[in-house]
Amino acid sequence: GSSAGWQALVLLFNFASALLTIIANKYALAVFPHPAALTALHYLVSSAFVASLRSAQTFERGTVAPRHRAAYLALICIWALCNSLSNASLEANSVGFYSLMKVLVVPIVALLDYLVYAKALPFGKAALLVTACCGVAVATVSDVQLNARGATLAVFSVLSGVGQKMLNEHL
């Protein structure tokens, strides 16, 4: 009923916001072709927004247990690296190739979860994953342009994305 409709709306919003972010970043990189600087600017704006929300007492600062601090610091570093590499990949590649490479992160994480942690995806989630991957492939296949620099950045972006997702999930 209402819960399924709400979940569909949230998924649609997530998809639309991700697509709009990719398009906005692609245009921003066309005007300002410095992916690491653009990422730093994103972090600066996000930090200011979070600071304003904290000052409005919207939420409290969380804490990290001392035993998790090294892993948390590693997560922060790999997350920043992943975002920088992702923006560099977007700058160097067509949106289609970028999207195809980004969609590889989730199946690789699922495969590693299965191989390392013996954690299998439920059939429904696996079917949704295959459907999403096929949908991205069909939607973007006509916009795939490949070059050595772009492909290299894309591979490292995917690998850092996998590392980030694995650390985030298992911390």
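Ala, Val, Leu, Ile, Met, Phe, Trp, Tyr, Cys and Pro count here as nonpolar, Asp, Glu, Lys and Arg as charged, and the others, Gly among them, as polar. The model is predicted, with local features needing pLDDT of at least 70 and side-chain atom pairs counting only at pLDDT 80 or more, while totals for chains, interfaces and linings use all residues. Residues are numbered from 1 along each chain as its sequence is written, and side-chain values use heavy atoms, with hydrogens and water left out.

The chain has seven helices and zero strands; both are DSSP runs numbered from the N terminus, helices being H or I of at least four residues and strands E of at least two. Its C-alpha atoms fill a box of roughly 45 × 45 × 35 Å along the principal axes.

A pocket is an open set of points on a 1 Å grid over the protein atoms alone, where a 1.4 Å probe fits, with protein on both sides within 12 Å along at least five of seven lines; lining residues have an atom within 4 Å of a point. Points are joined across faces, edges and corners, and a volume is the space filled by probe spheres set on them.

| Largest pocket | Value |
|---|---|
| Volume | about 1800 Å³ |
| Lining | 40 residues |
| Lining by class | 19 nonpolar, 17 polar and four charged residues |

Asn 14, Ala 18, Leu 19, Ile 22 and Lys 102 lie nearest the centre of this pocket. Elements giving two or more residues to the lining include α1 (2-31), α4 (95-103) and α6 (123-140).

The axes of α4 and α6, lines fitted to C-alpha atoms over the stretch in contact, come within 9 Å and cross at roughly 170 degrees. Angles run from 0 to 180 degrees between N-to-C directions, and those over 145 count as roughly antiparallel; α4 is therefore roughly antiparallel to α6. The contact (heavy atoms within 4.5 Å) involves Gly 96, Ser 99, Leu 100 and Val 103 of α4 and Cys 133, Val 136, Ala 137 and Thr 140 of α6. Five of these residues are nonpolar, three polar and none charged.

Two salt bridges are found in the whole structure, each a side-chain nitrogen of Lys or Arg within 4 Å of a carboxyl oxygen of Asp or Glu. One joins Arg 149 to Glu 91, with the closest N and O atoms 3.2 Å apart. This pair links helix α7, which holds Arg 149, to helix α3, which holds Glu 91, across 58 residues of the chain.

Methods. Parallel < 35°, antiparallel > 145°, perpendicular 65-115°, else oblique.
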